[in-house]
Amino acid sequence: MADLKRAFSTLWLAFLVLAFPAAWAGVPPAPAMLLAEMYTADVDLAQYWVSEKFDGVRAQWDGRTLRFRGGGSVPAPAWFTAGFPAQPLDGELWIARDRFDALSGTVRKTEAVDAEWRQVRYLVFELPGTAGDFTHRVGQMRQLVAQAKLPWLQAVEQTRVADRAALMQRLDAVMRAGGEGLMLHRADAPYLIGRSDALLKLKPWQDAEAIVVGHTPGKGKYQGMAGALQMAMPDGRRFRLGSGLSDALRRQPPPIGTRITYRYQHLTKNGLPRFPRYLRVREDF
């Protein structure tokens with residue numbers, strides 16, 4: 001019986017560590033955030049503000065500390081946040097379009113490199129916990145940023161569109177410039193957390209996450225490297241991911257257990273991603 005109890009205790013401890021890794025690592029709980037639903041053609045665009053979707057690293061400022069989506073503190077230089085307002089902010093750390101890898105490398109370093117952080121901007125798109133609707137908060141964000149007078153603290157530009165044709169024109173312009181897509185935030189929405197249609201994302205492709213469960217050996221010019229990653233979706237279905245892998249990734253592929261973000265056009269009738277393409281390793285920091 002004693003052995004059975006010890007075994008049960010060990011299994012329970014293992015479950016707690018896996019289910020709540022942040023708590024065991026001494027990391028504060030992840031901040032509650034608003035998450036987007038997908039845009040559909042029947043949306044009444046008159047009810048929404050529209051902004052560019054930035055491919056950066058999400059972070060929340062709680063009035064004293066800047067935290068990653070996973071809850072850990074962002075190791076930014078002291079000067080970067082010294083002039084931030086006391087009011088909580090939600091936004092994206094960003095360098096430029098198609099510079100995510102450079103940004104990720106900068107913000108992950110435990111010892112901040114000033115020269116690298118001089119390129120980083122904090123783009124504000126929400127005010128956590130603030131009363132009033134989103135239109136009211138848009139005005140407040142602009143005012144807070146203007147008062148701070150920090151070149152690297154910016155409010156995301158929010159605009160209105162007349163109809164779907166105008167929305168598609170805006171999307172086309174963003175994509176041609178190397179952007180990710182658009183975000184639509186309902187004008188009358190109070191501040192919300194969790195997934196909600198108060199916030200919508202519009203992109204020409206879908207993205208999702210899966211876990212690396214194996215490596216397929218390469219052939220031909222990829223001999224001796226990984227030809228593809230064997231991936232497992234959250235529901236257990238598996239597929240191969242080879243498109244989008246650089247030679248460096250093929251030589252040293254992400255280890256088994258790594259969570260990957262990939263892009264795809266749509267799901268097949270079997271529920272598998274069509275034309276999946278590697279995007280990046282998913283990191284909650």
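**Figure 1. Contacts of R280 in the predicted model.** Apart from residues within four places in sequence, R280 is in contact with D55, F100, I260 and T261. The model shown here and in the following views is predicted. R280 belongs to strand β14, which covers residues 277–281. With D55, the side chain of R280 makes a polar contact through the side chain of that residue, at 2.7 Å. R280 counts as buried because its relative accessibility is 15%, and buried means under 20%.

**Figure 2. An open sheet of 4 strands.** The strands follow the order β1-β9-β8-β2, and their pairing is mixed. β1 (34–38) and β2 (48–53) stand at the edges; each has a single partner strand, so one side of each is without a neighbour in the sheet. From one strand to the next, the twist averages 40°.

**Figure 3. The pairing of β2 with β8 and the helices packed on the sheet.** β2 pairs with strand β8 (residues 181–186) in the antiparallel sense, over 6 bridges. Within this pairing, L184 in β8 is the bridge partner of V50. Helix α6 (residues 134–148) packs on the sheet and touches β2 and β8; the direction of α6 makes about 50° with that of β2. Helix α7 (residues 164–176) also packs on the sheet, where it touches β2, β8 and β9 (194–202). The direction of α7 makes about 140° with that of β8.

Figure 4. The structure holds 10 aromatic pairs. One of them is formed by W79 and W152, whose arrangement is edge-to-face, with 5.1 Å centre to centre and 80° between the planes. W79 lies in helix α3 (residues 78–81) and W152 in the loop between α6 and β7 (153–155), so the pair ties together parts that are 73 residues apart in sequence. W152 is buried, at a relative accessible area of 18%. F84 and Y122 form a stacked pair, with 5.6 Å centre to centre and 15° between the planes. This pair links distant parts of the chain, 38 residues apart: F84 is in the loop between α3 and β5 (89–94), and Y122 is in strand β6 (residues 121–126). Both F84 and Y122 are buried.

**Figure 5. Arginine charges over aromatic rings.** The charged end of R160 sits over the ring of W49, at 4.8 Å from the ring centre. Over the ring of Y222 sits the charged end of R250, 4.0 Å from the centre of that ring.

Definitions and conventions: Residues numbered from 1 in each chain as written. Predicted model: local features only at pLDDT ≥ 70, side-chain atom pairs only at ≥ 80, totals over all residues. Heavy atoms only, no water. Helix = DSSP H or I, 4+ residues; strand = E, 2+ residues; numbered from the N terminus. Buried < 20%, exposed > 50% of the residue type's maximum accessible area, 1.4 Å probe, protein only. Polar contact = N/O pair within 3.5 Å; in protein donor to acceptor, adjacent residues only side chain to side chain. Contact = heavy atoms within 4.5 Å. Pairing = 2+ DSSP bridges. Axes fitted to C-alpha atoms, helices over the stretch in contact; angles between N-to-C directions. Phe/Tyr/Trp six-rings, centres within 6.5 Å; stacked < 30°, edge-to-face > 60°. Lys NZ or Arg CZ within 6 Å of the ring centre and 35° of its normal.
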